[in-house]
Amino acid sequence: MFKLLTSMPPLVALSIAIIFEVIATSFIPKAEQFTKLVPSVIIITGYAIAFFLLSVTVKTMPVGIAYAIWSGSGIVLVATISYFAYGQRLDLPAVIGIGFIIVGVLVVNLLSNTVSH
């Protein structure tokens, strides 16, 4: 299993890492400063898996590009989940800024030769 994880394509590893990071981040409010066991375990486990897979990604992808995709995608996904799960509304400048983040992630992924496809 470890060999399978360490040999997966970088964009697959990064995508799975982002999913686990978003899950972990989304559970932070539920953990209530780590006083609730189950959400706390989800956070710690999610981040551990996410950072392991990020380390797999940066074996073949520049860390700056991997982190830009990771953080940009994470911001958009966490903001979306927060809207639906916690009712956290965004004002127009926040929505515009998140739109710029989406465009930035798309430019890096679709147009940059730095990302190995």
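**Faces of a helix**

Author: On H6, the face turned away from the buried side carries the exposed residues Leu92, Pro93, Phe100, Leu110 and Leu111. Exposed means over 50% relative accessible area, buried under 20%, and partly exposed in between (1.4 Å probe, protein chains only). The model is predicted: local features need pLDDT of at least 70, side-chain atom pairs count only at pLDDT 80 or more, and totals for chains, interfaces and linings use all residues. Residues are numbered from 1 along each chain as its sequence is written, and side-chain values use heavy atoms, with hydrogens and water left out.

Reader: Which residues of H6 are buried?

Author: Ile98, Val105, Val108 and Asn109 are buried in H6. They lie on the same side of H6 because they cover an arc of only 95° around the axis, taken from the directions from the helix axis to the C-beta atoms.

Reader: What covers the buried residues of H6?

Author: The cover includes helix H2 (10–26) and helix H5 (63–86); contact means heavy atoms within 4.5 Å.

Reader: Changing topic, where is serine 40?

Author: Serine 40 is in helix H4 (residues 37–57). It counts as buried because its relative accessibility is 7%.

Reader: Which residues does serine 40 touch?

Author: Not counting residues up to four places away in sequence, serine 40 touches Ala31, Phe34 and Thr35.

Reader: And how many helices and strands are in the chain?

Author: The chain has six helices and zero strands. Both are DSSP runs numbered from the N terminus: helices (H or I) of at least four residues, strands (E) of at least two.
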